[in-house]
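Subject: Structure for your files, with notes

Hello,

Here is the structure for you to look through. My notes come after it.

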Amino acid sequence: MKTIKYTSKDFNSLKSDLINFAKNYFPDAQKDFSDASTGQMFIELMAYTGDVLSFYQEEQFKEIFLDTATDANSILSLASTLGYKPKGPSSAIARIKLKAVIPTGSSISTFSHSYAPVIQKNAYFIANNESNTRFTLVEDVDFSISSSFSELSQSIYSLDATNNPTTYLVTKYGYAKSGDIKTTDYVVGNPQEYLDIIIDDTNIIEIESIYDSQGHKWYEVEFLAQDRVEQQLQNDLSQGSTLSSDKVLVPYILNYIEDERKFRRFISYYDSDGKIHIQFGPGVYGYPDEELINRSDYRYAPVELFNRNISSVDPANFINTKTLGEAPGNTTLTIKYRIGNNELDNVVPNTITRIGNLNLRFKESGVSGTLIGNTVIDSIVVSNDDPAFGASGFESLEEIKNNTKAFFAAQNRAVTKEDYEARCKAMPGKYGHISKVFVAKITDLLNESLSNSRELRRVDERSNIKIYI
């Protein structure tokens with residue numbers, strides 16, 4: 001029996017093994033092992049082939065494990081397998097200062113709330129930087145409301161001949177996030193299982209909304225099997241007098257959409273080229289699930305439903321339902337998305353000074369279009385006292401690897417300090433970018449001499465951790 005070595009992988013080792021093999025088992029057939037001989041040429045060709053195959057084998061095996069993988073596609077695939085969703089670019093968050101000159105009211109000690117403007121969500125302002133970054137308000141800025149959550153300040157702006165105030169300069173703050181809004185349409189023909197759409201644009205931060213031509217909204221979820229999705233509802237009179245009475249402290253209400261199991265849903269993810277993909281479910285568009293999985297005459301299901309004759313039950317169709325979401329069909333999808341400029345959106349103070357679209361209304365009807373109303377609108381100015389921060393580009397491959405391991409170890413829970421840190425790192429990019437996070441127990445931060453006081457124990461019962469970002 002011939003002895004064969006399996007440990008050699010590089011060219012020189014393979015060449016040496018082949019020469020020794022030929023000398024041992026074919027001493028009469030091959031005697032010339034000089035570099036110029038034909039036999040040596042074939043030996044080196046085989047050693048070369050073995051070296052190349054060993055290289056590709058090791059490279060492919062290396063891509064199986066997260067620690068050793070270097071290819072972007074492999075790292076993204078492994079991260080997805082372990083439940084981590086790599087983040088794309090993130091928005092910058094800016095604290096916007098808005099000022100308006102408002103006439104006095106019935107009492108000259110304050111301004112008239114009748115002429116107090118409400119700058120609504122989605123109003124946008126433009127920064128004076130090289131990319132002319134757009135900052136969009138994330139919530140209404142109401143000049144008639146003042147509270148600890150929504151501070152308002154006023155100062156006398158002009159006086160009449162008797163030194164009584166005639167107008168007040170009112171200052172109000174709001175938060176805005178960076179990014180331009182774009183829209184694209186995608187025409188869908190026949191329903192296609194797990195339809196995957198690639199948006200041909202770069203630096204996409206998030207998918208703002210998707211509507212089909214029938215007016216149905218499609219909701220983004222973390223995974224297609226997710227059967228509940230939250231809605232953020234404005235807390236107004238439509239929510240009832242009890243809830244709306246607290247609308248200053250509680251401006252929004254969390255609720256779930258109706259028909260939770262069958263809502264139209266999609267997921268989004270980034271590929272190695274930085275393009276964003278939108279993927280839908282496999283459910284047959286327009287047919288209820290019962291026609292697929294609960295019909296007693298299943299075997300005689302109509303041909304137009306399955307596009308084939310069925311003589312027996314196909315097990316694959318039991319998972320081909322809208323429990324993973326519908327597949328759009330015979331419609332046009334209008335996709336609205338936000339794009340950014342990475343770190344360029346982190347602008348310095350006093351940069352956001354241009355008004356793009358105020359999207360404004362007044363608290364009382366009949367004010368818009370009047371001379372005083374137009375004067376109030378013309379007086380509005382915007383600026384930012386603090387820098388905008390949080391914008392970043394794509395996660396690096398090394399960041400994805402480390403964040404994936406931390407996220408997988410946390411198993412989507414929040415128990416240990418490491419779990420909280422991992423959850424913070426996994427925050428979607430549309431909310432900004434956390435570069436560093438530290439979590440500690442309050443009891444570890446308190447001085448030992450104070451930790452036994454009654455008040456500190458009471459605080460500790462309500463909240464026992466602090467997160468620093």
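This is a predicted model: local features need pLDDT of at least 70, side-chain atom pairs count only at pLDDT 80 or more; totals for chains, interfaces and linings use all residues.

Residues are numbered from 1 along each chain as its sequence is written, and side-chain values use heavy atoms, with hydrogens and water left out.

Aromatic rings

A pair of aromatic rings is described by the distance of the centres and the angle of the planes. The structure holds nine aromatic pairs (rings of Phe, Tyr and Trp, the last by its six-membered ring, with centres within 6.5 Å; planes under 30 degrees apart are stacked, over 60 edge-to-face and the rest tilted). One of them joins Phe-21 and Phe-26, and this pair is tilted because the planes stand at 55°, with the ring centres 6.1 Å apart. Phe-21 is partly exposed at 25% relative accessibility (buried is under 20% relative accessible area, exposed over 50%, partly exposed in between, with a 1.4 Å probe and protein chains only). Phe-26 is also partly exposed, at 40%. Together with Tyr-25, Phe-21 and Phe-26 form one aromatic cluster.

Another tilted pair is that of Phe-266 and Phe-280, at 6.1 Å centre to centre and 50° between the planes. Phe-266 belongs to strand E14 (residues 265-270) and Phe-280 to strand E15 (residues 276-280), so the pair ties together parts that are 14 residues apart in sequence. Helices (H or I, at least four residues) and strands (E, at least two) are DSSP runs, numbered from the N terminus.

Two rings have a charge over them (NZ of Lys or CZ of Arg within 6 Å of the ring centre and within 35 degrees of the ring normal), as follows. The charged end of Lys-23 is placed over the ring of Phe-33, 5.3 Å from its centre. Arg-134 lies over the face of Tyr-124, with 3.7 Å to the ring centre.

Helix H1 (residues 11-25) and helix H2 (residues 38-62) have axes that come within 8 Å and cross at roughly 135°. Axes are lines fitted to C-alpha atoms, for helices over the stretch in contact, and angles run from 0 to 180 degrees between N-to-C directions. The angle makes H1 oblique to H2 (under 35 degrees is roughly parallel, over 145 roughly antiparallel, 65 to 115 roughly perpendicular and the rest oblique). The crossing of H1 past H2 is right-handed (the near helix is turned clockwise from the far one by less than a right angle; anticlockwise is left-handed).

For H3 and helix H8 (residues 397-410), the axes come within 10 Å and cross at roughly 20°. That angle makes H3 roughly parallel to H8. H3 passes H8 in a left-handed crossing.

Loop residues and contacts along the chain

Ser-91 lies in the loop between helix H3 (72-81) and strand E1 (93-103) and is buried, with a relative accessible area of 0%. A polar atom of its side chain is 3.2 Å from the backbone oxygen of Ser-178.

Ser-272 is in the loop between E14 and E15 and is partly exposed at 33% relative accessibility. Its C-alpha atom is separated by 7.4 Å from that of Leu-76, and these two residues are 196 residues apart along the chain.

Phe-143, in the loop between strand E5 (141-142) and strand E6 (152-159), is buried at 0% relative accessibility.

Lys-9 is in the segment before H1 and is partly exposed, at 43%. Lys-9 and Gly-50 are 41 residues apart along the chain, and their C-alpha atoms are separated by 7.0 Å.

Backbone angles

Asn-203, which is not a glycine, has a positive phi of about 55°; Asn-203 lies in the loop between strand E9 (196-199) and strand E10 (204-212). Asn-359 has a positive phi too, near 50°. Asn-359 sits in the loop between strand E17 (352-357) and strand E18 (360-362) and is partly exposed at 29% relative accessibility.

Regards

Conventions. A polar contact is a pair of N or O atoms within 3.5 Å; within protein, one must be able to donate a hydrogen and the other to accept it, and residues adjacent in sequence count only if both atoms are side-chain atoms.
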